[in-house]
Amino acid sequence: MAKIHVQGNGFQAKDGKSLRGTTESLAGQEGESLGSALQLNGVAETQADKYGFIGGSQQSTVDPAEDIPPEVLRQREAKWLDMLNSWDKWMSKKHKKVKLRCQKGIPPSLRGRAWLYLSGGKVKREQNLGRFQELDSECGDPKWVDVIEKDLHRQFPFHEMFAARGGHGQQDLFRVLKAYTLYRPEEGYCQAQAPIAAVLLMHMPAEDAFWSLVQICEKYLPGYYSAGLEAIQLDGEILFSLLKRVSPVAHRHLKKHKIDPVLYMTEWFMCAFSRTLPWSSVLRVWDIFFCEGVKVIFRVGLVLLKCMLGSQEKLKACQGQYETMERLRAVEPRYMQEGFLIKEILELPLSERDIEKEHLTQLRHWKETHGELHCKSPPRMHGARAIMTAEPPSRQDLQQKPTIVVEPAQITNSSEDKEKKKSKADKKKNKKDSSLDTTNQDQEVQEQALPDQSQALLKNTSLQASNPSLSSTEHDTYL
């Protein structure tokens, strides 16, 4: 393993240069090349893509014709609303269906709420009401506050939410990161947490983003952001060992040139690929990651390594360590394209058991070569179901506030459709064992009952207005 000098919550190579993907390099070139134009809000005339990017490598260039048809999106939204209203039942009895719907992609209008529920952030928030406000009102440790303030402009500078210095996006990002240093003072702040928090803020209010960040740091990726970064180094060795099974050619090449895993996988894993993939791919990967856990991050890493270094033909252009690293720093776009990447990671046979088995092996090896871990992290939770099983929530913790309801007209139409179907079934039955007069009489009774049923449905359904302000209370989404 390469020699590493630990500095705070980052690390550097022995030559003093920052390793790619570690704390110093997370600023990237995008933020530095942005210039004063964006700082002066000179981007008003630039057209943002559907994700909010006004430029940069992650701006979407997808043809609108390739988007999901609106009618399909409405159907998926209705299904997700039904799941969120009975989340505990779906997670306990129909988890495979939840998993499948996450793999298909969460509807954009409900992505933030779905991530909050999947991560357990919703339960955490309900069990700690007012806690974020308390942390937000405190000043924070000057040591961390200074570092956080310097990092704000580096996070997705081409996204309209974070483009303006001192804008609402950067303000909320500062609040979330500062609150975390107060919530976990022994852990403090790691620069890789900033892009994670920024992605969350693109989809939810600051309080929800904070609790989702807490869950990522404590449940999904424990130890990743602690001083020494031992957990990420361990996972690098796990990734390299798993690569031997997935792509022996790539494994032999990396071993031959003595390329340590931390040199290429640190930014991938610590930022959950949010700074690497096209944005549509980032969102799809995160949808599955929140449901299934860290194995998704391993799968993405293994797929990229296999695609870039998995054949002798591909290795012809990588004759040495430098050429190999350059290739891994600039992954070919076709391998990161949403359709291709999602298909590959879903087909890759890698389970939680595989990761845990390899984790124990690498942990034993670590103790033999480095001694005991300096920072003992809590056990890793492999996805939403594991988190819910470990900390069973109450029904009140999962209750949506306000509850999303369907418009009255849609309720009435739905009732009428059900009655029509029932009427047709009765007709067929009565043709066999009763006369035509009896059938007509049954239909009249049903038609009289229909308005009463619709009125009862409307009477028992409370419509609540949505909150237009960006606050920690959940927002209504109407179909």
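Helix α15, which spans residues 262–270, is largely enclosed by the rest of the structure, because nine of its nine residues are buried. The model described here is predicted. The buried residues of this helix are Val262, Leu263, Tyr264, Met265, Thr266, Glu267, Trp268, Phe269 and Met270. Just after α15, Ala272 adopts a positive phi of about 50 degrees.

Arg299 lies in helix α17, which covers residues 295–309. Although Arg299 is buried, it has no salt bridge. The nearest side chain of opposite charge belongs to Glu292, at 4.3 Å. A salt bridge requires a side-chain nitrogen of Lys or Arg within 4 Å of a carboxyl oxygen of Asp or Glu. Leaving aside residues up to four places away in sequence, Arg299 touches Glu292, Ile345, Leu346, Leu348 and Leu350.

Lys79, Lys89, Lys93, Lys94, Lys97 and Lys104 form a positive surface patch. Two or more residues of this patch come from each of the elements α4 (87–93) and α5 (95–104). Lys93, one of the patch residues, is located in helix α4. Lys93 counts as exposed because its relative accessibility is 71%, and the cut-off for an exposed residue is over 50%.

| Helix | Residues | Feature |
|---|---|---|
| α4 | 87–93 | gives two or more residues to the positive patch |
| α5 | 95–104 | gives two or more residues to the positive patch |
| α15 | 262–270 | nine of nine residues buried |
| α17 | 295–309 | contains Arg299 |

Key
Residues are numbered from 1 along each chain as its sequence is written. This is a predicted model: local features need pLDDT of at least 70, side-chain atom pairs count only at pLDDT 80 or more; totals for chains, interfaces and linings use all residues. Side-chain values use heavy atoms; hydrogens and water are left out. Helices (H or I, at least four residues) and strands (E, at least two) are DSSP runs, numbered from the N terminus. Buried means under 20% relative accessible area, exposed over 50%, partly exposed in between (1.4 Å probe, protein chains only). Lys and Arg count as positive and Asp and Glu as negative; His and the chain ends are not counted. Contact means heavy atoms within 4.5 Å. Patches are made of residues with over 30% relative accessible area and no salt bridge: like charges are joined within 9 Å, nonpolar side chains (Val, Leu, Ile, Met, Phe, Trp, Tyr) within 5 Å. Accessible areas come from the Shrake-Rupley method with a 1.4 Å probe; for residues, only the protein chains shown count as cover. The place of a charge is taken as NZ of Lys, CZ of Arg, CG of Asp or CD of Glu.
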